[in-house]
Amino acid sequence: MELFTQAIGNFFSISPILTVILGCIIGVSIGALPGLTATMGVALILPITFGMEPLPGILMLIGVYFGGIYGGSIAAILLRTPGTPSSAATAIAGYEMTKRGLAYKALTAATLSSGIAGILSVILLIFVAPQLSKFALNFSAQETFALALFGLAVITSVAGKSLVKGLIVGFIGLIIATIGTDPINGFPRFTFDNYNLTGGIDFIPVMIGLFAAAQAFQSLEEAVSKGYVIKKVEKIKLKWVEFKAIIGTILRSAGIGAFIGMIPGAGGDIGAFVAYNVTSNVTKHKKEFKEGNLEGVVSPEAANNGSTGGAMIPLLTLGIPGDAVTAVMLGALMVQGLQPGPQLFQQNGEMVYSLFIGMILANLTIILLGLVGVRLFIKVLNIPKTILMPVILVLCAIGSYSINNNMFDVYVMLVSGIIGYFMLKYGFSASPVILALILGPMMESNLRRTLALTDGNFFSVFTRPISGTLIVLAIITLLMPLILKLFNRKSNVEEKL
């Protein structure tokens with residue numbers, strides 16, 4: 001409490017507060033643009049902070065990080081264009097609500113769930129960081145493989161109307177994920193002597209193509225043939241009764257996101273899909289959930305923003321980055337003379353608690369920016385598609401190119417966009433492909449490590465409590481749609497009799 005009191009005295013001055021707010025504004029702006037991820041935003045702002053004092057400099061990066069994760073939901077909900085990988089799951093339900101004229105309500109729910117989950121994850125970071133970090137260290141190759149497998153089981157929830165089509169697309173995504181260099185032996189696979197494929201196919205250009213470019217192509221077609229523009233935007237505010245009904249979903253998803261975020265190598269994108277899957281299985285409104293409702297929006301948003309505080313836990317207490325953004329943050333802390341790890345709290349306790357306060361302020365700023373800006377955000381829906389969609393395609397190209405400064409990624413995005421266009425036309429969901437590309441390499445590398453460590457004994461994953469439990473949950477998740485289908489068929493037969 002003494003350190004916390006001192007931190008409050010140090011924090012509440014003009015410089016730290018302004019840098020947090022400025023960082024959040026920059027982060028939201030970057031996150032809302034396709035391809036410009038939170039990781040990229042932090043990396044771009046990092047050189048600017050080198051000449052700043054340690055506290056304001058790190059707080060600006062935290063603001064960009066937190067704001068970037070939230071900002072991805074804006075384009076995901078309004079245009080089915082995930083601004084960041086972690087908002088891909090949000091686009092599923094969010095865009096369906098936008099098509100029904102409920103963009104205002106969806107954005108409000110996303111803002112509140114993002115901010116609340118972010119604050120909860122910081123509180124978790126403050127009180128139980130050391131204990132949770134020790135638990136996260138129990139995740140070896142077996143547990144990480146099981147987590148990735150459980151994440152892949154989410155395909156049953158994001159497969160769209162046809163489970164078979166979803167599984168087919170997910171399988172194709174796993175095949176694409178094998179392109180590149182073998183993670184264990186280093187042999188090239190399916191590269192066809194093209195050096196651009198040696199590192200594999202980056203899932204971000206594929207995601208931009210399948211979601212953003214494909215939707216742009218379809219909208220342009222509709223605009224030319226039908227003059228189609230989404231003009232109906234009902235400014236229906238989120239009612240207290242509705243918010244109260246989704247509080248449980250927010251809390252559960254924030255916990256899932258924080259837990260997955262603190263596992264090194266995982267991140268908000270995995271947490272968002274897992275939370276979406278869990279919500280789809282426990283919701284009492286399954287029909288509404290499939291058509292896009294508030295639960296489908298807040299569950300991934302609470303999870304990916306909850307993962308922000310979770311990812312900071314191993315970073316600050318053990319010096320281990322929880323995801324790509326915190327890997328950049330690790331470098332920033334070290335440049336500022338702070339060595340993350342067990343000694344950080346003893347040697348720089350006052351600074352650490354000042355960062356905690358800044359994280360809470362960053363999430364409060366996100367809530368304020370989102371609630372104030374929602375009226376401005378929805379104006380984008382009134383722009384004619386013949387103007388908006390070409391702009392979106394240009395942003396897609398810029399975002400894809402900026403990842404590696406390579407035109408090959410732009411070509412990948414365009415090919416993915418054309419394929420995604422036909423997938424939309426014939427009822428194939430794009431989400432299983434992205435899920436497979438994110439989790440496939442993680443699952444393969446950890447399975448190979450497991451087999452190497454256990455002399456080829458795959459069943460060792462069942463003998464460890466955490467991995468065994470996750471695999472059982474994955475099997476249940478995969479079989480649940482079939483079980484429910486058989487149960488419903490039996491119920492219908494009994495009703496007819």
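Analyst: Helices (H or I, at least four residues) and strands (E, at least two) are DSSP runs, numbered from the N terminus. The model is predicted, so local features need pLDDT of at least 70 and side-chain atom pairs count only at pLDDT 80 or more, while totals for chains, interfaces and linings use all residues. Residues are numbered from 1 along each chain as its sequence is written, and side-chain values use heavy atoms, with hydrogens and water left out.

The part to look at is helix α18. It covers residues 385-404. The expected span of a helix is 1.5 Å times one less than its number of residues.

Now the sides of α18. Buried means under 20% relative accessible area, exposed over 50%, and partly exposed in between (1.4 Å probe, protein chains only). The buried residues of α18 are K385, L388, M389, I392, L393, C396, G399, S400 and I403. Looking down the axis of α18, these residues fall within an arc of 140 degrees, so they line one face of the helix. The arc is taken from the directions that run from the helix axis to the C-beta atoms.

What follows α18 is N405, with a positive phi near 55 degrees. Most residues other than glycine have a negative phi. F190 also has a positive phi, about 55 degrees, and is not a glycine. F190 sits in the loop between β2 (188-189) and α10 (203-226). At 51% relative accessibility, F190 counts as exposed. D193 lies in the loop between β2 and α10 too. Its phi is positive, about 60 degrees, and D193 is not a glycine either. D193 is exposed, with a relative accessible area of 81%.

Next, the wider chain. It has 22 helices and two strands. Of its 497 residues, 56% count as buried. Contact means heavy atoms within 4.5 Å. Among contacts with a separation of 6 or more, 79% join residues 24 or more positions apart.

Two helix pairs show how elements pack. Axes are lines fitted to C-alpha atoms, for helices over the stretch in contact, and angles run from 0 to 180 degrees between N-to-C directions. Helix α9 (residues 163-177) and helix α20 (residues 431-453) have axes 7 Å apart, at an angle of about 40 degrees. That makes α9 and α20 oblique to each other. Under 35 degrees counts as roughly parallel, over 145 as roughly antiparallel, 65 to 115 as roughly perpendicular, and the rest as oblique. The α9/α20 crossing is right-handed. Its contact residues include G166, G170 and G173 of α9 and A436, G440 and P441 of α20. A crossing is right-handed if the near helix is turned clockwise from the far one by less than a right angle, and left-handed if anticlockwise.

The second pair is helix α4 (residues 54-79) and helix α17 (residues 349-377), whose axes come within 9 Å and cross at roughly 35 degrees. This crossing is right-handed as well.

Two buried threonines complete the view. T450 is in α20 and has a relative accessible area of 0%. Leaving aside neighbours within four places in sequence, T450 is in contact with A141, Q142, S460 and V461. T81 is in the loop between α4 and α5 (88-99). Its relative accessibility is 2%.
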